[in-house]
Amino acid sequence: MADRPGLVRTTALRRRLLELSVQMWWHPYWHEAGTRQRVALRTAARELEAGAG
C-alpha cells in the first residue's frame with residue numbers, strides 16, 4: 001500500500017488498514033487459540049529475533 005502514494009488517497013489506505021486489522025482481530029483462529037498458545041508464539045518470535053540480531 002505504501003508504494004502507491006500518488007494513486008490512492010491516504011484516507012483510503014488508512015481505511016483499508018483498519019479493515020484488515022479488524023479482520024485479523026476477529027479471525028476465528030485468535031478466539032480458538034488459548035492464551036498459552038499466543039504467549040508461546042510471542043516467545044518463539046522473540047527468540048528468533050534475538051538469534052538473528
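A: Let's begin with confidence: the average pLDDT, the predictor's confidence in each residue from 0 to 100, is 81 for this protein, and 83% of the residues score at least 70. This is a predicted model, where local features need pLDDT of at least 70 and side-chain atom pairs count only at pLDDT 80 or more, while totals for chains, interfaces and linings use all residues. Residues are numbered from 1 along each chain as its sequence is written, and side-chain values use heavy atoms, with hydrogens and water left out.

The secondary structure comes to 3 helices and 0 strands, and the order along the sequence is α-α-α. Helices (H or I, at least four residues) and strands (E, at least two) are DSSP runs, numbered from the N terminus. Your helix, α1, has the highest mean pLDDT among the elements, 90, whereas helix α2 (residues 28–32) has the lowest, 77.

Now to α1 itself, which covers residues 10–25. R16 and E19 both lie in this helix, 3 residues apart, about one turn. As a rule, an α-helix has 3.6 residues a turn, so residues three or four places apart point the same way. R16 and E19 form a salt bridge, their closest N and O atoms being 2.9 Å apart. The term stands for a side-chain nitrogen of Lys or Arg within 4 Å of a carboxyl oxygen of Asp or Glu, and the count by this rule is 1.

How open are these side chains? Buried means under 20% relative accessible area, exposed over 50%, and partly exposed in between (1.4 Å probe, protein chains only). R16 counts as partly exposed because its relative accessibility is 37%, and E19 is partly exposed too, because its value is 40%. L18 is also found in α1; this residue counts as exposed because its relative accessibility is 55%.

L18 also belongs to a nonpolar surface patch with V22, W25 and W26, and together these residues have about 510 Å² of accessible area. Patches are made of residues with over 30% relative accessible area and no salt bridge, with like charges joined within 9 Å and nonpolar side chains (Val, Leu, Ile, Met, Phe, Trp, Tyr) within 5 Å. Accessible areas come from the Shrake-Rupley method with a 1.4 Å probe; for residues, only the protein chains shown count as cover.

The accessible surface comes to about 5200 Å², of which 59% belongs to carbon and sulfur atoms. Helix α3 is hardly covered, with 0 buried residues among its 18.
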